[in-house]
Amino acid sequence: MWNFLSPIALFASAKVGRYHELVPVAIQMDFKPDSKVYTPEDGDNWMIAKLNVQITDLGYAQIAEHLARVHYFIEPFCVSLKRTLGLKHPLNQILKYHCREVIVPNTFGTPVLLGENGFTDVLFAYGRNGAQRLLEDIHPLTHGR
């Protein structure tokens, strides 16, 4: 694995066929001012730069957007729902489908994902410490998980 980088990508609107699409036009490999900038004219380096952006985006999306902002955010509501509202309560009827598959994966999946030598160490360049830092930046109270 290469070192974890924080790429900056510049996109522009371009007409592709009949439609306009956002296409990358320049990628700075890291946030540091002296980091290299690549463009489509850079051949294989351009492909590596695009791969860097995709890998970084995937890792951020999975930990920050999905785990923190979906699973961890909704869990307290689901626990409250099960503890306080009757089965026929209108809110229970609406929210029960959103709470399926949340508490069990959070309880049993978190140690496997974020534990020592867990999946984040294997799947993402930033590893367990980077994932925990992302979670803390999003939800300061999740650091105790």
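Predicted model: local features only at pLDDT ≥ 70, side-chain atom pairs only at ≥ 80, totals over all residues.
Residues are numbered from 1 along each chain as its sequence is written, and side-chain values use heavy atoms, with hydrogens and water left out.

**Exercise 1. The sheet**

Work out the order of the three strands in the open sheet and how they pair.

Solution. Two strands pair if DSSP finds at least two bridges between them.

Step 1: the order is 1-2-3, and the pairing is antiparallel. Strand 1 (8-16) and strand 3 (37-38) are the edge strands, each pairing on one side only.

Step 2: follow strand 1 into strand 2 (residues 19-28), where nine bridges join the two in the antiparallel sense.

Step 3: move on to strand 2 and strand 3, which pair in the antiparallel sense over two bridges. Here Ile27 stands opposite Tyr38 of strand 3.

**Exercise 2. The surroundings of Gln28**

Decide whether Gln28 is buried or exposed, and list its contacts beyond its neighbours within four places in sequence.

Solution. Step 1: locate Gln28, which lies in strand 2.

Step 1: look at its accessibility. Gln28 has 19% relative accessibility and counts as buried; buried means under 20% relative accessible area, exposed over 50%, and partly exposed in between (1.4 Å probe, protein chains only).

Step 2: collect the contacts, where contact means heavy atoms within 4.5 Å. Leaving aside neighbours within four places in sequence, Gln28 touches Pro7, Ile8, Pro33, Ser35, Lys36 and Val37.

Step 3: check one distance along the way. Leu5 and Gln28 are 23 residues apart along the chain, and their C-alpha atoms are separated by 9.9 Å.

**Exercise 3. Helix 1 against helix 3**

Describe how helix 1 and helix 3 pack, giving the angle and the distance of their axes.

Solution. Step 1: take the geometry. The angle is about 140° and the axes are 10 Å apart. Axes are lines fitted to C-alpha atoms, for helices over the stretch in contact, and angles run from 0 to 180 degrees between N-to-C directions.

Step 1: name the handedness. Helix 1 passes helix 3 in a left-handed crossing, a term used if the near helix is turned anticlockwise from the far one by less than a right angle (right-handed if clockwise).

Step 2: list the residues. Helix 1 brings Leu67, His71, Tyr72, Glu75, Cys78, Val79 and Lys82 to the contact, and helix 3 brings Ile103, Pro105, Asn106, Thr110, Leu113 and Leu114.

Step 3: sort them. The contact has eight nonpolar, three polar and two charged residues. Ala, Val, Leu, Ile, Met, Phe, Trp, Tyr, Cys and Pro count as nonpolar, Asp, Glu, Lys and Arg as charged, and the others, Gly among them, as polar.

**Exercise 4. The aromatic pairs**

Find the two aromatic pairs of the whole structure and classify them.

Solution. Step 1: set the rule. Rings of Phe, Tyr and Trp (its six-membered ring) pair if their centres lie within 6.5 Å; planes under 30 degrees apart count as stacked, over 60 as edge-to-face and the rest as tilted.

Step 1: take Phe73 and Phe77, with 5.5 Å centre to centre and 50° between the planes, a tilted pair. They are separated by about one helical turn because they sit four residues apart in helix 1 (residues 44-84). Phe73 is partly exposed, at 47% relative accessibility.

Step 2: turn to Phe124 and Tyr126. Their ring centres are 5.3 Å apart and their planes are at 10°, so this pair is stacked. Phe124 is buried at 11% relative accessibility, and Tyr126 is buried at 12%.
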